[in-house]
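Let's take a walk through this model, one piece at a time. Have the structure open and follow along.

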Amino acid sequence: MPEKQKINILWFGNDLRIRDNESLFNVMQEDLPFLALYIFDETFFCSAPLGFKKIGKFRAQFLLDTVLDLNSNLNQKNIPFLKKIGRTQDVFNQISGQFEIEKIFCQSEWTQEEVVLYNKIKRILPGVKWVKSYSQLLLQPNYVADKVDEIPLLFTNFRQKIEKDFKIRNEFDCEHLVNRRPNLDLQIESDDITLKTLGFDDFEVHQSTAFPFSGGETAAIQRLNAYLFETKNLSCYKETRNGLIGEDYSSKFSAWLANGSLSAVSIFHEIKKYESKFGYNESTYWLVFELLWRDFFKYTSMRFRDKIFLKVGILERDVQFKFDQNLVNEWINGETNSDFINANMLEIKNTGWMSNRGRQNVASYFCKILKQEWRIGAAYFEEMLIDYDVHSNYGNWMYLAGVGNDPRSRIFNAEKQAEQYDPNHKFRNLWLQ
Ligand code: FAD
C-alpha cells in the first residue's frame, strides 16, 4: 500500500478568525502541509437533557455567517479548508483514511463536552500530537499563575492582583501570512450546510433587535472600528452600558468574542490605540474591566472544572429550588407578573439578544422570585443567546443563583430596576405592545 501523505490539521473551534490566531500562526511555522477544518458536530444540534437545544436558530445563523467568512478569508491565504457536518470523531476518521495526521493545532477547551470530544478523537488517533492555544483569554495563564496561587473566589481580589503592572501579550501576526505549500490532493468534499441542514427554518431578523449584526471576522472588525474610531462611543461606554435599546449602548462584541471571530487581545490593543489618539477616561478603562470579568469566569471554570454545571455550584451550596413547568413557561414567554421581566424575555425570544441589565434581572427573578433551578434558566439561555459562552453563561447564572462567585445572596428588585433603567417605559413598550 502506498504511504499516506503526512499532514497537520488546523482544527477550528471557538477561534474562527485569522487575526491574532495562535493556532494558525503555529501551524504556519511547520514544514508539513496542513488542512484547515471546521465541523458542525451534529450532537450540538440535538436537544439536551433539560429539553432545550444546545444551539438555537439565532446562534446557528451567526455561526453559518462566521464559517462562510472564514472560508473566504482562508481562500485568500491559499489555505485549504474542509467544512463538514457529522460526528467530529467520524470526520477525523475519514481524514485519517487519506492522510497520516501528525499534529492537531486547536484552541484549548476545558469544559465537559469539549473534553469528551477530545477524548473521542484521541481514541481513534492515539499517536497524534496536540498543540493547543490559550488565545481565547485576554490574560495568558503563565501571567496569571505568576500573580495568584489560586484563582480567587471574588472578582475584586482577582482584578486587584492582576491589574498591578498589567501586561497583555502582543497579537499573533497572522494577517500577512500566506500559505505557499503545494496544494493538497484532498479527496473529501466539504458539505453544503444551511440553516435547514442544521434543523431550522429560515427566519427574518426582528426589526427591533439591538443586535442587527452578521457573524464573521469581517463584521467583527467593522464593529470594532465603528464602536471605537468612527463613533467614539467607547468614550461614553460607562454612562451608556446599562442601556436597553439599540445598537450602541454597549460594544456588542460578545457574540464575536464567543465564537472567536474576534480576540479579546485585539480589542485590548485597539483600546490602547484609541486612548493614545483620543484620550483615556473611565469609560475606556471600563471596557477592559469588563473583559477582565470575561477572563475571570474562564479562569473560574479552569479552577473548578465541571462543578460549574452542578446545581450546588462552585460554592457547593444546597439552595432549595423548586420545579414548576408552568412558571418556567411563563418566564420564557414573557407572562410573569413583572412587565420589565416580560419585556426582556420577549426580547431574547424574538432576537437571541438581551442586555446585561436585562440578563441580571431575569436570572435573579428566575432563581430568587420564581425559585426555579438556575440550570434550567442557564440551559434556555444556552439555546437562545447569539453570544452564548459556556464560562460567562454558567458563571453569571451561578453568581445570580447564589452558588457562584458571589457568596452574598442578592436579589434584583425588577420594579426598582425598571424605574431606574426604563423610566419612560420605552423599552417595555417596544416589546410588550
Ligand atoms: P459590553 O458591556 O460592551 O462588555 C464588553 C465585553 O465584556 C463583553 O462583550 C463581554 O465579553 C465582557 N463582559 C461584560 N459583562 C460581562 C459579564 N457580566 N460576564 C462576563 N463577561 C462580561 N456573556 C457572554 O458573552 N455570553 C454569555 O453566554 C453570557 N451569559 C450571561 C448570562 C447571565 C445570566 C448574565 C447576567 C450575563 C451573561 N453574560 C454573557 C455577560 C454579559 O451580559 C454579556 O457579555 C454582555 O451583555 C454582552 O454585551 P456587550 O458585548 O455589548 O457587552
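Start with helix α11, residues 282-304. Helices here are DSSP runs of H or I with at least four residues, and strands are E runs of at least two, numbered from the N terminus. At 1.5 Å a residue, the 23 residues of α11 should span 33 Å, and its end C-alpha atoms sit 32 Å apart, which agrees. (The expected span is 1.5 Å times one less than the number of residues.) This is a predicted model, so local features need pLDDT of at least 70 and side-chain atom pairs count only at pLDDT 80 or more, while totals for chains, interfaces and linings use all residues. Residues are numbered from 1 along each chain as its sequence is written, and side-chain values use heavy atoms, with hydrogens and water left out.

How enclosed is α11? Of its 23 residues, 19 are buried, so the rest of the structure largely encloses α11. Buried means under 20% relative accessible area, exposed means over 50%, and partly exposed is in between, using a 1.4 Å probe and protein chains only.

Now for the nonpolar cores. A core is a set of buried Ala, Val, Leu, Ile, Met, Phe, Trp, Tyr and Cys residues joined through side-chain atoms within 4.5 Å. The largest has 87 residues, and W331 and W374 have the most contacts inside it. α11 gives the most to this core, with 12 residues. There is also a second, separate core of 50 residues, which includes L37, F45, L64 and F105. In soluble globular proteins, nonpolar side chains tend to be buried together. Back at W331, its contacts include M345, F366, Y380 and W397, leaving aside residues up to four places away in sequence; contact means heavy atoms within 4.5 Å.

Next, the ligand. It is surrounded by 27 residues, the closest being Y237, S250, S251, K252 and N356, where a residue counts if one of its heavy atoms lies within 4 Å. α9 (254-259), α11, α14 (356-369) and α16 (390-401) each supply at least two residues of that shell. A ligand oxygen is 2.6 Å from an N or O atom in the S251 side chain, and a ligand oxygen is also 2.6 Å from a polar backbone atom of K252. For D389, a polar backbone atom lies 3.0 Å from an oxygen of the ligand. The protein covers 97% of the 820 Å² of accessible area that the ligand has on its own.

On to α10 (264-278), with S263 in the loop between α9 and α10. S263 counts as buried, at 2% relative accessibility, and S263 touches R17, D20, S135 and L257, not counting residues up to four places away in sequence. Among the buried residues of α10 are V265, F268, I271 and Y274. The buried residues of α10 pack against α7 (217-230), α9 and α11. After α10 comes G279, whose phi is positive, near 105 degrees.

Last stop: D65, in helix α2 (residues 57-76). At 22% relative accessibility, D65 counts as partly exposed. D65 and S214 are 149 residues apart in sequence, yet 6.5 Å apart in space, C-alpha to C-alpha.

How values were computed
A polar contact is a pair of N or O atoms within 3.5 Å; within protein, one must be able to donate a hydrogen and the other to accept it, and residues adjacent in sequence count only if both atoms are side-chain atoms. Accessible areas come from the Shrake-Rupley method with a 1.4 Å probe; for residues, only the protein chains shown count as cover.
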